[in-house]
Amino acid sequence: MEELEHTCPHPRTTLTEPAIFARETSCDCRAPHEKLTIAQARRGTPVDRPVRVYADGIFDLFHSGHARALMQAKNLFPNTYLIVGVCSDELTHKYKGFTVMTEQERYEALRHCRYVDEVLRDAPWTLTPEFLEKHKIDFVAHDDIPYSSAGSEDVYKHIKEAGMFVPTQRTEGISTSDLITRIVRDYDVYARRNLQRGYTAKELNVSYINEKKYRLQNQVDRMKEKVRTVEEKSKHFVYRVEEKSHDLIQKWEEKSREFIGNFLELFGPDGTWKQVFQERSGRMLSYALSPRESPCNSPPRELSPLRSPSPPSPPARWHNARPSPPSSPKGASASLSSMSEGDEDEK
């Protein structure tokens, strides 16, 4: 740390180390320090003669608004060496009010800001010519809003009149006062959160009754969270069941359509089964109407040796010669006449 404090200050080229603390005796800048105008500073200066810009403040609860103001101050000129003055707790509590962070915490917060080259601890509330000369300050950077404090309407009035003031822009929507207001507005929420994280009621300056109330509220919130988690899981389960049911119904419908189509194709009016039935019916009918003849060269049927061959049947003429006896005289005469006619035909 001593080496950092005694080296010749120059703009940092790397960000591997925090900014140095300013020496309390005098500035280490050994280069000729002629007074510069804003126009000269904007045109650029030699490397060994950076433009020394000073920005001061309380920087409590260091936030992006502070960082943006310091970024603007660092980029005012091409070759800028930014010195940041931080007021002590004693001076701040006297002129502005109580701080959340201690002075050591505020010093360290500024040292680790990338735009800061040097941190000046226990900075004065009002800038005197002797202070500006001691630290070889060329310009002072701050927002242009008059800052009334310590019995003065604007503590930067004499700096502006000397032509050493360079304005920066405030960041709307964020400030230390805004952050404290948020904490105070939601005090119960933060007290409950810190009780849940292990802080005691004494550390939080919470009464016994409020402690029990906050712990009960925390239990209720945990129960609500569990119920909400179960509801989410139930909704997810129901959604999955509905999705699977929809898939099953869709598959069942597809299979049903396929089954019905196959059934109609087989048993419908023009189905395959009807064609097969018609073909078989026609074939059976054709077999019935025209049975097949036995083949001509089939072997003759052999007689059984145990049976004697039946006598040959007499010729047809002998059948005709032996008519059945007539049942009446008229029938007898008729048969005799037919037999006589048959004999004449044979002759």
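A residue counts as buried when its relative accessible area is under 20%. With that in hand, welcome to this structure, which is a predicted model.

| Residue | Relative accessibility | Class |
|---|---|---|
| Cys87 | 4% | buried |
| Cys113 | 6% | buried |

Cys87 is buried because its 4% lies under the cut-off of 20%, and the 6% of Cys113 puts this residue in the buried class too. As for disulfides, the structure holds zero of them.

Now for the chain as a whole. Its secondary structure is made up of 13 helices and six strands. The chain has 347 residues, and 28% of them count as buried. Its accessible surface is about 25800 Å², with 56% belonging to carbon and sulfur atoms. If you look at contacts between residues at least 6 apart in sequence, 67% of these join residues at least 24 apart.

Helix α9 covers residues 187-196, and its buried residues are Ala191, Arg192, Asn194 and Leu195. Why do these residues line one face of the helix? Seen down the axis of α9, the buried residues fall within an arc of 165°, so they share one face.

What do the buried residues of α9 pack against? Their partner is α10, which spans 208-267. Finally, just after α9 comes Gly198, which takes a positive phi of about 110°.

Notes: Residues are numbered from 1 along each chain as its sequence is written. This is a predicted model: local features need pLDDT of at least 70, side-chain atom pairs count only at pLDDT 80 or more; totals for chains, interfaces and linings use all residues. Side-chain values use heavy atoms; hydrogens and water are left out. A disulfide is a pair of cysteine sulfur atoms within 2.5 Å. Buried means under 20% relative accessible area, exposed over 50%, partly exposed in between (1.4 Å probe, protein chains only). Helices (H or I, at least four residues) and strands (E, at least two) are DSSP runs, numbered from the N terminus. Contact means heavy atoms within 4.5 Å. Accessible areas come from the Shrake-Rupley method with a 1.4 Å probe; for residues, only the protein chains shown count as cover. The arc is that of the directions from the helix axis to the C-beta atoms.
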